[in-house]
Structures are given as structure tokens and as C-alpha cells.
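Visitor: Could you take me through this structure? I would like to begin with the sheets and then move to particular residues.

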Amino acid sequence: MTRGTPFIQLDNVSKRYGGVQALSAVSLTLQRGEVHCLCGQNGSGKSTLIKIIAGVERPDADSHIAIDGHLQSHLSPAISTRLGVQVIYQDLSLFPNLTVEENIGVAQHAGRWHQVNRKAIRNTARQAMEHLGIALDPQIRVAELGIAQRQLVAICRAMAAQARLVVMDEPTASLTRHEVDALLFLTRQLQQRGVTVLFVSHRLDEVMEVAEQVTVLRDGVSQGCYPAGEMDDERLTMLMTGQAYRYQPRLIDHSNAPVALSTQGLSRAGEYADITLQVRAGEILGVTGLLGAGRTELALSLFGMTQPERGEIRVDGEAVSLASNRDAIRHGIAYLAEDRLSLGLVVEQSIGSNIVISVLDSLTNRLGLISSSRRNQAVKQGIESLRVKTRDPDNAVSTLSGGNQQRVVLAKWLATRPRVLILDSPTVGVDIGAKDGIYEVIRELAAQGMAVIMISDEISEVLFHSDRILVMRQGRIVSEHLAASTSIDTLDEAVHG
């Protein structure tokens, strides 16, 4: 492939679903061997555009798509794949019950009469991993891998299919900063091999780090294509949202507020050691660190999911034993997990059912049956207090955007009336506008006197939305900082040692 010539050109692409105009006259050109970022909030049209490139959706009349200079009268998934288009969706579309090598190579070597050439599959998987410098056990089942390793399998599968364009749809949404760095390095390797990469991300720092060109969508309309070097966070945010978001560190003094939760010498072998901390009523305590720093492991013990081997936990000054999450809830502790889809929500159930799932016992009548009036009142209160955008609480929670799903998880835990709220990566996978709404909710909860522990690997997040920040490294707290008197550079140095 010759670098700097178009691989795919979309011109005047529109798509309407009933009364909703998802895309309106969008143009996009992807050069061979470039990394191009597609940015926009949820509902901006990014997913629709990706589906059109993949042949899953057909654009409206008068839309034009050319691949390798040849106008395509129509695309289907088979045609797009044959022309070298590979899409890695957020759910990765892997087979968890199959091995790494089977996921990578089975599509190329599944023969007639259900016969599979296992030797060819093994060779294809090995070559794909070697080309990208990826070391994974080819015999391990994908179900046993973490999300970052599954991403690598999906990328290897795309390369095994002779990809010329790889579309990565929010590939970093559930990754730590360390894992993100590895993925961005791999993206550059794809580029060096002449593969075009369309990278979709909400995380603006990644966009600046990996992109050569940036196309921005807002409400289905292109806001233009720009060299990444000419963009900064403020300009990109304005293009995506039409608004400016400027954050300053919090300047609130909580030193005289009562201590809501504290630990002394908390330790659990292989996870964290000698953790001594306290968070006061109304305070937002940020906790940051790299992958393996022990942040989530500590949170799980504070919520009773695992038990420390040494040390003490106190709630409102009283020593407590948290043998389970029920114990934690009874003592006024709530925990919003990082993986909201598998740990925070029952995605097949309704919005309302998810909101009240943690407080069903309190909604029963004298006969032990759930009172419809009490349930409906609790659902209404949760939707209104968290400003969940929905027309019908009986809709499945899966119909909501990422930001609104996160609000539902918050509503679920706020229904338990906690005194301490632990948030593990509360804005992961949501766009900048939805993030701002979640930050506003967190500030309101703190203003009402709730103690908040906010865990995040985004240094800017803890700096601008916490009062005090703890940095963890290798299972230990290595430094403490007041947000009002520190900087991103200082925190970054503390995180990386």
C-alpha cells in the first residue's frame, strides 16, 4: 500500500431511522496507513457510521462510498470483510468458550462439512501474534483472559483476516492507563505495517496521543476534519459538545468534619499492605495509581467482598467486621464497581428493577410482598434525583447510554442511603458531556455530607474532582496530596515513581 492515498472515502453519507436523522451528509476520508480518530458524544452518529463502513447498515440514497478508488454500489458485511475492513466492537465479539488460537484463526480455516483445519488455525494464530509481538498462551480459553488480553486477541483476529482497515470502537473504555499505553503502542505497530486505523474514543488524551487526523461528529453532523497537532482538549471538547468545560481543583476544607470511614494498617497478602487512611463526611477522597497498585483490591475489602488479613476498618469511629457486602451495606457503605455491565447492572432487566434491586426488602408490605406503590415511588425518586434520561422506567437498562447506565448504578446504591460511597472508575466509557453530569452528581452528594472515595487512573479526574488524593503503588499508599496545592505533573511523578 502507498502511504498518503485514500483507502476509503465516504461522501454525503446520511442515515435516517424513522423520524431520527442519525447521520446528515457526513464525509470522511481515511488515508492508507494513517491513524484517524473519530470523536463525538454518545448519540453523535459514530456507531451508525461504523456500521455503514462495515456493511451492517446501508446509507440513504445519494450517499457515496469508495474503497481503493472504486465506488461501491452497496456494502454488506461479507463485501466489507473481503475488501479488508475489520471492526473491533466494544463487546469484541469473541467466543469465550474457544481458545485464543481458535478465536484468531477459525474464520479462515473452517472447511466444508464442519471440518476444521487445526494445524492451519494454529499457524495462522502464531503468525498473527508474532507479527504484532504479542505473547499469549494460544491454548487458553478466552473466558479466562482479562479485558486487555481479549483486546489483543481481537486485534490478532483482524490481522489474520488480512485487515487493511481496522476500526476500534471505544477500545480503551475498560482499560487501565497501563493497558491503554500498550494498546496505543500496538496501534502504531499496525500503522507501520500499512494498516489504516480508525480509532474511536471518549478519552481525549488518547486522541491527541495516537491520532494524525481527527474527525468530530455532533448530532449526526460532521464538525470537520482537523490535524491532531492543531487540537487541544478545550477545542476538541467544544467541537464535540458545543460547550466549554473548565475545571479547577476544589478548595473546600474538611479538616473539622467527622471521620466517616478510616482504616489502620489494613493488609491482604499480594494485594495491598499497611493501608492507613481516613475520609471525612462531605469529603471526596481520590485514589489513583497504575495497574496492580491495589486500588480496586482495597475497595473490595472496604465493601466486604474480600477480607483483610490484618488491620482495622472503622465506620463513624466504630470498629467493624465486614464479612460480606451485606455487612458493608448495613454499615452504610456502597460500592460502584468499575465494570458496570457485569457487576453493577442486570442489563436484561428494566431501569426501575435495577434501581430498587438493592432495597427490595424495604419495599415489602405486611404480607411480605413488594408494594407496587413503594416500588414506583423509589424508582421515581431514583430517576429524578440522578436525572436519568428515560421515557419509561420499564425499558431495559441496556437501552440507555453509558452515562445514563452509570446514573442508574448510582441510583441503585443511593437507595440504600449510604454514608460512604466508593466509586471505582465512575466515568469509564462515558463521553465528556456525560462525565460532567456524573461529576455534578458526585459534588452534590458530597455537599449533602456523604463521604466519597473516588478511584481513577485518570490523574486529571482525581485532581479536579477530589479534595484530597492518595497515590498507590505496588499495594501501598506512597503519597498524599491536597488537590488545591498540587499539579498533574506532581501526581504523574508520584504514580510512576
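**Sheets, helices and selected residues**

Guide: Strand β1 (residues 6-17) and strand β4 (residues 64-67) run antiparallel and are joined by 4 bridges. Strands here are DSSP runs of E with at least two residues, helices are runs of H or I with at least four residues, and both are numbered from the N terminus. Two strands pair if DSSP finds at least two bridges between them.

Visitor: Before we continue, what should I know about the model itself?

Guide: This is a predicted model, in which local features need pLDDT of at least 70 and side-chain atom pairs count only at pLDDT 80 or more, while totals for chains, interfaces and linings use all residues. Residues are numbered from 1 along each chain as its sequence is written, and side-chain values use heavy atoms, with hydrogens and water left out.

Visitor: Which residue stands opposite H64 in β4?

Guide: That residue is D11.

Visitor: And what packs on that sheet?

Guide: Helix α1 (residues 46-53) packs on the sheet and touches β1, β2 and β4. Contact means heavy atoms within 4.5 Å. The direction of α1 makes about 120° with that of β1; axes are lines fitted to C-alpha atoms, for helices over the stretch in contact, and angles run from 0 to 180 degrees between N-to-C directions.

Visitor: In what order do the 4 strands of the open sheet come?

Guide: The order is β2-β1-β4-β5, with antiparallel pairing. At the edges are β2 (20-31) and β5 (70-71), each of which pairs on one side only.

Visitor: What about the open sheet of 6 strands?

Guide: Its order is β16-β17-β18-β13-β19-β20, and the pairing is mixed. Strands β16 (333-336) and β20 (476-482) stand at the edges with a single partner strand each, so one side of each has no neighbour in the sheet. On average, neighbouring strands of this sheet are turned by 20° against each other, direction ignored.

Visitor: How many bridges join β19 to β20?

Guide: Strand β19 (residues 468-473) is joined to β20 by 6 bridges, and the two run antiparallel. The bridge partner of M472 in β20 is I477.

Visitor: Which helices pack there?

Guide: Helix α9 (residues 295-302) packs on the sheet, touching β13 (284-288), β16, β17, β18 (451-455) and β19, and its direction makes about 145° with that of β16. Helix α14 also packs on the sheet, touching β16 and β17, at about 165° to the direction of β16.

Visitor: Is α14 enclosed or open to the outside?

Guide: Helix α14 is largely enclosed by the rest of the structure, because 13 of its 13 residues are buried. Buried means under 20% relative accessible area, exposed over 50%, and partly exposed in between (1.4 Å probe, protein chains only). From its first C-alpha to its last, α14 reaches 18 Å, close to the 18 Å expected at 1.5 Å a residue; the expected span is 1.5 Å times one less than the number of residues.

Visitor: Turning to charges, how many salt bridges are there?

Guide: A search of the whole structure finds 17 salt bridges, each being a side-chain nitrogen of Lys or Arg within 4 Å of a carboxyl oxygen of Asp or Glu. One of them joins R468 to E480, with the closest N and O atoms 3.2 Å apart. This pair links distant parts of the chain, with R468 in strand β19 and E480 in strand β20, 12 residues apart. R468 counts as buried at 11% relative accessibility, whereas E480 counts as exposed at 52%.

Visitor: Where do D327 and R330 lie?

Guide: Both lie in helix α10 (residues 325-330), 3 residues apart, about one turn of the helix. D327 and R330 form a salt bridge, their closest N and O atoms being 2.8 Å apart. D327 is buried at 12% relative accessibility, and R330 is exposed at 59%.

Visitor: Which residues are linked in a network of salt bridges?

Guide: R32, D68 and R164 are linked in such a network.

Visitor: And how many disulfides are there?

Guide: The count comes to 0 disulfides, a disulfide being a pair of cysteine sulfur atoms within 2.5 Å. C37 is in no disulfide, and the nearest cysteine sulfur, that of C39, is 5.6 Å away. C37 is buried, with a relative accessible area of 0%, and C39 also counts as buried at 0%.
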